[in-house]
Amino acid sequence: MAKRRSSVPFLGTAEQEEQLLRLIASHKNEKGALMPVLQQAQDIYGYLPPEVQKMIAEGLNIPLEEVYGVATFYGQFNLTPKGKYKISVCLGTACYVKGSGQVLERVEEKLGIKSGEVTADGKFSLDATRCLGACGLAPIMTINDDIYGCLAPADISGIIDKYLND
């Protein structure tokens, strides 16, 4: 099944582009510059959209395919934007056996997105993750720095509603 793309358009600012171009220029002739440039570019934009990958490829004079290959190989890089509220649902063993799969499904239904996507308004992003280190509270979900434990699918609507009105 093909992964659905984010419907949030790229909204980079002139300041971000200027920062990125300075970053690229400072690493232009360095061997192995791609990783640090990608890391810092993600710090600037919050993710690595195709427009940013293209600027990096052109600026470092390397094939776009190489930039994309590195960006998709390492889990630290995001190719889609993250929402104002970053929701993570743990699918580690302890959480999964206690029903986190159903919790994730309920979040997807409530927001109308799948794991790895962001809502059209940019307010929420959703990711299924592995162990978050709170197995005693299984199943758990985080929204930014807030931790919700001992969840049931019926809890999800009320939790997300608190963030909808913000």
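Which handedness, left-handed or right-handed, does the crossing of α2 and α3 have? In this predicted model, the crossing of α2 and α3 is right-handed. Two packed helices are described by the angle between their axes and the distance between the axes. For helix α2 (residues 34-45) and helix α3 (residues 50-60), the axes come within 11 Å of each other, and the crossing angle is roughly 145°. The contact is formed by Leu-34, Val-37, Leu-38, Ala-41 and Tyr-45 on the side of α2, which meet Val-52, Met-55, Ile-56 and Leu-60 of α3.

The strands are considered next. Strands of a sheet pair through backbone hydrogen bonds, either parallel or antiparallel. Here, an open sheet is built from four strands in the order β2-β1-β3-β4, with mixed pairing. Strand β3 (residues 141-143) and β4 run antiparallel and are joined by three bridges. Within this pairing, Met-141 stands opposite Tyr-148 in β4. Helix α6 (residues 100-111) packs on the sheet, where it touches β1 (85-90), β2 and β3. The direction of α6 makes about 150° with that of β1.

The structure holds three aromatic pairs. One of them joins Phe-73 and Tyr-74 in an edge-to-face arrangement, with 4.9 Å from centre to centre and 85° between the planes. Phe-73 is exposed at 65% relative accessibility, whereas Tyr-74, with a relative accessible area of 36%, is partly exposed. Another pair consists of Tyr-85 and Phe-124, whose ring centres are 5.7 Å apart; their planes stand at 35°, so the pair is tilted. This pair links distant parts of the chain, as Tyr-85 lies in strand β1 and Phe-124 in strand β2, 39 residues apart. Both partners are buried: the relative accessible area is 7% for Tyr-85 and 2% for Phe-124. Together with Tyr-163, Tyr-85 and Phe-124 form one aromatic cluster.

For Cys-131, the nearest cysteine sulfur is that of Cys-135, 3.8 Å away, and Cys-131 is in no disulfide. Cys-135 is likewise in no disulfide, the nearest cysteine sulfur being that of Cys-131. The pair is not counted because a disulfide requires cysteine sulfur atoms within 2.5 Å, whereas the sulfur of Cys-135 is 3.8 Å from that of Cys-131. At 42% relative accessibility, Cys-135 counts as partly exposed.

Notes:
Residues are numbered from 1 along each chain as its sequence is written. This is a predicted model: local features need pLDDT of at least 70, side-chain atom pairs count only at pLDDT 80 or more; totals for chains, interfaces and linings use all residues. Side-chain values use heavy atoms; hydrogens and water are left out. Two strands pair if DSSP finds at least two bridges between them. Helices (H or I, at least four residues) and strands (E, at least two) are DSSP runs, numbered from the N terminus. Contact means heavy atoms within 4.5 Å. Axes are lines fitted to C-alpha atoms, for helices over the stretch in contact, and angles run from 0 to 180 degrees between N-to-C directions. Buried means under 20% relative accessible area, exposed over 50%, partly exposed in between (1.4 Å probe, protein chains only). Rings of Phe, Tyr and Trp (its six-membered ring) pair if their centres lie within 6.5 Å; planes under 30 degrees apart count as stacked, over 60 as edge-to-face and the rest as tilted. A crossing is left-handed if the near helix is turned anticlockwise from the far one by less than a right angle, and right-handed if clockwise.
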